[in-house]
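Try each task before you read its solution.

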Amino acid sequence: MFSYLFKKICFLLASFFILASLTFILMKMIPGDPFSAEQSLNAEAHRALLKHHGLNLSYLQQYKNYISELFKGHLGTSLVYQNYTVNQLIRESFPTSAYLGLQALLFAITLSLILGLVCAFRPNSWSDHLIQIGMALGISVPSFILATILQYFFSIKWHLLPLARWETFSHTILPTITLAALPTAFMTRLIRNNLMQILQMEYVKTAKAKGLHPFTILWKHALRNALLPVLSYLGPLTSVLLIGSFIVENIFSIPGLGQWYVKSVANRDYSLIMGLTLFYSFILMTLNFIVDIACGLLDPRIRIMPVEV
Amino acid sequence: MQVSVTLSHSQRFKYHFYSMQMYGILILCFLILMMSVGPYISTYHYDQMHLAAKNHAPSWNFWFGTDDLGRDIFVRTCYGARISFCIAIATVCIDLFLGIFVGSLAGLANPKVDECVMRLLDILYSIPTLLTAILLSVFFGSGLLSIVIAVNVISWITMARIVRGQILLLKEMDFILAVRSLGANSSYILLKHLLPNTWGPIMVTLTMTIPSAIFSEAFLSFLGLGIQAPMASWGTMAYEGLPALQYYPWRLFFPAAFISLTMLSFYLIGEGLKKTFNSSYSENIL
């Protein structure tokens with residue numbers, strides 16, 4: 001277990017280091033410096049700005065500073081919103097994003113569990129087919145389209161839910177549904193397929209022979225084993241939620257971090273893009289790491305198997 | 001509970017083939033037809049403006065309506081399909097060449113090289129794809145080529161991993177031993193025996209990477225990073241149509257519907273292929 005843990009930690013650090021270096025190299029590859037686009041600057045002010053941001057040093061020195069700042073957890077300052085550091089922005093807006101993400105996650109897990117069980121309880125029945133069609137739609141309709149469809153019908157046509165903004169609980173409903181749609185579809189499919197496979201196994205036959213109710217078998221015996229692949233899906237799932245949050249926060253004008261990211265991309269605010277990209281990848285990689293460890297704890301085969309085939 | 005009926009191989013193939021993929025392939029054919037002949041049917045050009053007919057609702061003149069500059073949405077949707085299919089073809093090429101090359105190299109090389117290559121790929125793989133794509137497209141600027149690079153720079157790794165896994169499995173099998181004992185060299189074995197047996201998983205993986213590349217393009221364009229006006233891509237059109245949703249919903253509806261149709265067709269084909277090849281592959285998203 002310890003060697004497994006050690007290997008995973010080395011991996012996490014190496015990936016993060018590579019990504020940090022990659023972003024640095026990309027940043028240096030843009031022709032000119034961040035301030036050369038501003039026509040109004042005279043040479044004096046330009047030099048002062050460069051010096052203020054430490055951009056007059058050699059690349060190697062800059063790289064050293066950058067990495068050491070990263071180790072201290074400083075992600076730099078925004079170039080467009082001069083008074084903001086990236087850390088400040090994250091502190092202010094990340095809680096909103098995290099709240100929305102967690103709500104969507106809970107919603108997706110609950111719903112997909114229910115739908116998956118319904119599917120596996122009566123395979124190839126009309127309810128199963130209906131859910132499968134729904135899942136195919138959930139996978140193939142991108143979130144920005146789903147969001148606008150939901151807005152069009154629920155807010156504009158039927159006036160049931162607020163169109164946008166972030167105030168009361170009713171404001172969170174449409175964003176949550178949009179964000180949860182794709183993960184729900186994937187997880188339902190995953191749970192259904194796993195359950196179908198497990199229901200063919202010998203121990204389920206034993207349980208059936210004991211005369212247990214089909215639902216008890218499903219709930220007590222099969223579901224437990226079907227959930228492990230779902231756990232390992234939680235890593236990619238957070239990435240889906242995150243990418244979704246860029247779009248959802250933009251469409252529903254929610255003051256979260258995703259909106260800042262999109263804004264920084266639109267403004268070409270390079271240091272903000274770098275900082276937020278690093279922050280996002282850090283979160284994703286750490287979550288993937290935790291999920292890997294959890295899977296290793298729950299299923300010894302994963303940590304013993306030398307190569308995945 | 002699945003009913004196990006003994007079918008001959010060809011029967012099973014036919015059964016699965018006609019069930020799911022067929023719908024997917026039909027949708028795909030429809031899209032390809034539209035992409036190739038659509039612009040010739042219509043009398044308009046994709047950047048031709050009709051200022052007298054701005055935001056025109058779908059009608060006999062403008063089948064899918066017009067946008068805020070009076071451009072015909074039908075023609076623009078057809079051109080959007082061309083861009084999406086360009087991305088798809090580029091993805092297929094990169095996946096097939098780079099993915100298969102690296103994957104088979106890692107699978108056939110000695111274990112140390114394999115270990116090094118795979119660890120490196122694992123690290124690259126753990127970096128979120130769309131974040132890299134966003135980062136790269138910020139730097140390469142906008143345009144079709146930069147989008148293709150940004151979308152595909154990581155995506156071929158999936159293919160490499162799948163191919164490597166398959167080759168590791170296959171190369172221990174008896175028929176490879178037999179060929180080897182007949183004196184065949186590695187490249188012959190790879191081309192004639194290993195790769196032909198890997199086509200199933202390769203095709204299934206392609207049905208996952210192609211839609212995710214198309215989706216990435218739409219996503220980047222939707223963020224304003226992708227294809228720029230006056231060129232038309234589905235993502236750009238959806239982005240432009242979004243503010244006008246309340247009054248001119250068709251401006252968003254048509255590009256959105258076509259993105260969804262494309263995704264659906266690949267999903268159906270992929271599911272069908274999976275059943276046909278009768279194995280389970282690891283889930284891959286985005």
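**Exercise 1. Work out what share of the contacts in chain A with a separation of 6 or more comes from residues 24 or more positions apart.**

Solution. Take the contacts in chain A whose partners have a separation of 6 or more, then pick out those between residues 24 or more positions apart: they account for 73%. Next, look at the elements: chain A has twelve helices and zero strands. The C-alpha atoms of chain A fill a box of roughly 85 × 60 × 30 Å along the principal axes. Finally, 33% of the 309 residues of chain A count as buried.

**Exercise 2. Find where confidence is lowest and where it is highest in chain A.**

Solution. Keep in mind that this is a predicted model. Then go helix by helix: α12 (residues 300-304) of chain A has the lowest confidence, with a mean of 64, while α4 (residues 86-121) of chain A has the highest, at 88.

**Exercise 3. Describe how α4(A) and α10(A) pack.**

Solution. Two packed helices are described by the angle between their axes and the distance between the axes. For α4(A) and α10(A), the angle is about 125° and the axes are 7 Å apart. The two helices, α4(A) and α10(A), are therefore oblique to each other. Now name the residues: α4(A) brings A:L89, A:I90, A:S93, A:F94 and A:S97, and α10(A) brings A:L257, A:G258 and A:W260. Sorted by class, the residues of this contact are five nonpolar, three polar and no charged.

**Exercise 4. Characterise the side of chain A that touches chain B.**

Solution. Begin with the counts: 42 residues of chain A are in contact with 36 residues of chain B. Among the elements of chain A that give two or more residues to this side are α1 (2-29), α7 (169-198) and α9 (214-251). The most comes from α1(A), with eight residues. By class, the side of chain A that touches chain B has 32 nonpolar, ten polar and no charged residues.

**Exercise 5. Check the span of helix α10 (residues 250-277) of chain B against its number of residues.**

Solution. At 1.5 Å a residue, the 28 residues of this helix of chain B should span 40 Å. Now compare with the model: the end C-alpha atoms of α10(B) are 40 Å apart, which agrees.

Conventions
Residues are numbered from 1 along each chain as its sequence is written. Chains are lettered from A and ligands numbered from 1 in the order in which they are written. This is a predicted model: local features need pLDDT of at least 70, side-chain atom pairs count only at pLDDT 80 or more; totals for chains, interfaces and linings use all residues. Two residues are in contact if their C-beta atoms, placed from the backbone, lie within 7 Å. Helices (H or I, at least four residues) and strands (E, at least two) are DSSP runs, numbered from the N terminus. Ala, Val, Leu, Ile, Met, Phe, Trp, Tyr, Cys and Pro count as nonpolar, Asp, Glu, Lys and Arg as charged, and the others, Gly among them, as polar. A residue is buried if 20 or more other C-beta atoms lie within 10 Å of its own, exposed if 12 or fewer, and partly exposed in between; C-beta atoms are placed from the backbone. pLDDT is the predictor's confidence in each residue, from 0 to 100. The expected span of a helix is 1.5 Å times one less than its number of residues. Axes are lines fitted to C-alpha atoms, for helices over the stretch in contact, and angles run from 0 to 180 degrees between N-to-C directions. Angles under 35 degrees count as roughly parallel, over 145 as roughly antiparallel, 65 to 115 as roughly perpendicular and the rest as oblique.
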